[in-house]
Amino acid sequence: MRVLIQLRATPQLRAAMAAGGPVPPSTTEAAALVPAGLVLDASFEPVPMPAPRLDDGDGRLLALSAPMEFSTAPGDVTQLVRGTIPDDDSQTDVISEAISHPGIVGVFSDPVVENCLTCIGDPPVGNSAKVAQLLEVPKLEAAGMTGQGVNLAIVDTGINVAHLRAKGQPAKLGAGKHFTPAGVTTDPGKHAVDHGTMCAFDAGIAAPKATFLDHAVLLSQRQGPTVMSGLLSDALRSYAKLRRILDAMPANRKALVVSNSWGMFDPEWDFPVGHPGNYSNNPRHPFNVTVASLEVAGADILFAAGNCGRECEDGRCNFRRRPVCGANSHGRVLSVAGIDTRRQRVGYSSQGPGRLAAQKPDLAVYTHFRGSGVFSPDPDGGTSAACPVLAGVVAAVRTKFSATRLPPAALRSLLTKTADDLGGLGFDFDHGWGAVNTTALLDALNGVPAAARRRR
Amino acid sequence: MTVELDPGAATVAAAAERLGIDPARIDAEFGVVSIDPERHLYSVLVDEEAASGAQGRAGVEGPFSNPRIEPFGPPRP
């Protein structure tokens, strides 16, 4: 067991520390415990600890809620050294020796500390109601921003409307605007309850009245080693259809939000970087070209950053570095990282830099919460959930601001400029520009100058 | 493969002619998919042998990878 030994500073120890040279812990009173089983850490020189002043009033010593004073006088300061003691019964020998030694104040645990990021397998942190609260959905609703009349495409494994309605969401489905790969026998809105349904639920948190377009690309029969994988060419066909839908919209109501919670886990599935046919790093790959084309035409496109975060990555990840790649890192999309409802980055959220655009991800949005129940008891998790949550916010904004009035690039800029900074100062590769700040976003949309927003 | 075609004639036959291959070598089910209407660019699926034969022709780019894609969630350890 790791321990800290608190020592009364003898005149010899005080003198040695005052001299400024190295003070081996073996020269301290702690050495008396070595025969009993203490193993001192020779690399850890004594650390001075100020002494709390005794309270001579009615207060209690070391009552942390009360004002405290500490003494740094040489005669009051104690010293800390560290080491290990046995874990078996002989541990009591060390403790007994320490208690009886006049130069030793006490023996304390020295536990291992590590980050407490939410990781795969952890229980949900909060729920969809909390997410709605954090996104200030009532403010969006008060502003008439509900997603009403906005097409929101979920490019995924398909949506099950019955499940969404059973969860209390209106779940409106667009007519004639879906994409179902050849060979799939279920109809749009009636696909199996799975990942795509989760994404639709999460988009509905901020945009409950959006019109879903069910693009079940990942149900493609073109395998794909698993049932829920497809090929990028299937996404090409989906995007071609989305372009036709967008082009048919009148200019004053042009609004199409496209949420994509998928990507490539393994570079082995791609040509190597530098090959002219590569996808991950190549803006000329046809899918990256079509993403750019659709965005220029007026679509808001969002991609999950991925679940290959360094701290606790998805087991399928096989990128040694820079996992945010291909369209997930495209300069014309919003690349979405994941934070839990405590606004702490989830340990599996992929970190930048991106490969197509370095400054990725763009924003950090809520995930790992109890929501759709699709994978219950597991949460709506991954950057898969974060992406449609943000797509819902975008769709909510589009209720009042068409893409003609506010082009996708301008909306991305407003989202990032009004975000609450997380992590390091300014942009960082864990959180992007930070978390959505709905109040600041609404102010910016309404033309309130930034300086006035900061004074609020 | 990416192929530049006349939007009024974006057919498998036209793509095959541009690529210099037999139309049967183009995946008919996938067809000719628009990727950039402004620049008249389309995507077709062909097998690797046909792709290598079409490389370097005017108005043609590729071959490009067609990698597997998967949903990111639920995350798995």
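Which residue is the bridge partner of Leu231(A) in S5(B)? Let's work up to that residue and beyond, in a few exercises.

This is a predicted model, in which local features need pLDDT of at least 70, side-chain atom pairs count only at pLDDT 80 or more, and totals for chains, interfaces and linings use all residues. Residues are numbered from 1 along each chain as its sequence is written, while chains are lettered from A and ligands numbered from 1 in the order in which they are written.

**Exercise 1. Find the bridge partner of Leu231(A) in S5(B), and describe the sheet around this pair.**

Step 1. The partner is Arg68(B).

Step 2. Strands here are DSSP runs of E with at least two residues, helices are runs of H or I with at least four, and both are numbered from the N terminus. Two strands pair if DSSP finds at least two bridges between them.

**Exercise 2. Describe the side of chain A that touches chain B.**

Step 1. Count the contacts: 52 residues of chain A are in contact with 29 residues of chain B. Contact here asks for C-beta atoms, placed from the backbone, within 7 Å.

Step 2. List the elements of chain A that give two or more residues to this side: S11, H7 (232–247), S13, H8 (286–297) and H9 (382–398). H7(A) gives the most, with seven residues.

Step 3. Sort by residue class. This side of chain A has 22 nonpolar, 22 polar and eight charged residues, where Ala, Val, Leu, Ile, Met, Phe, Trp, Tyr, Cys and Pro count as nonpolar, Asp, Glu, Lys and Arg as charged, and the others, Gly among them, as polar.

**Exercise 3. Trace the seven-stranded open sheet of chain A.**

Step 1. Write the order: S9-S10-S8-S12-S14-S15-S16, with parallel pairing. S9 (172–173) and S16 (363–366) stand at the edges with a single partner strand each, so one side of each is left without a neighbour in the sheet.

Step 2. S9(A) pairs with S10(A), residues 211–215, in the parallel sense over two bridges, and Lys172(A) stands opposite Thr211(A).

Step 3. Follow the chain onwards. Ala175(A) is in the loop between S9 and H6 of chain A, and its C-alpha atom is separated by 9.2 Å from that of Thr211(A), 36 residues apart along the chain.

Step 4. Judge its exposure. Ala175(A) is exposed because 9 other C-beta atoms lie within 10 Å; the cut-offs are 12 or fewer for exposed and 20 or more for buried, with partly exposed in between.

**Exercise 4. Summarise the elements and burial of chain B.**

Step 1. Chain B has two helices and five strands, running β-α-β-β-α-β-β from the N terminus on.

Step 2. Of its 77 residues, 52% count as buried.

Terms used: Contact = placed C-beta atoms within 7 Å.
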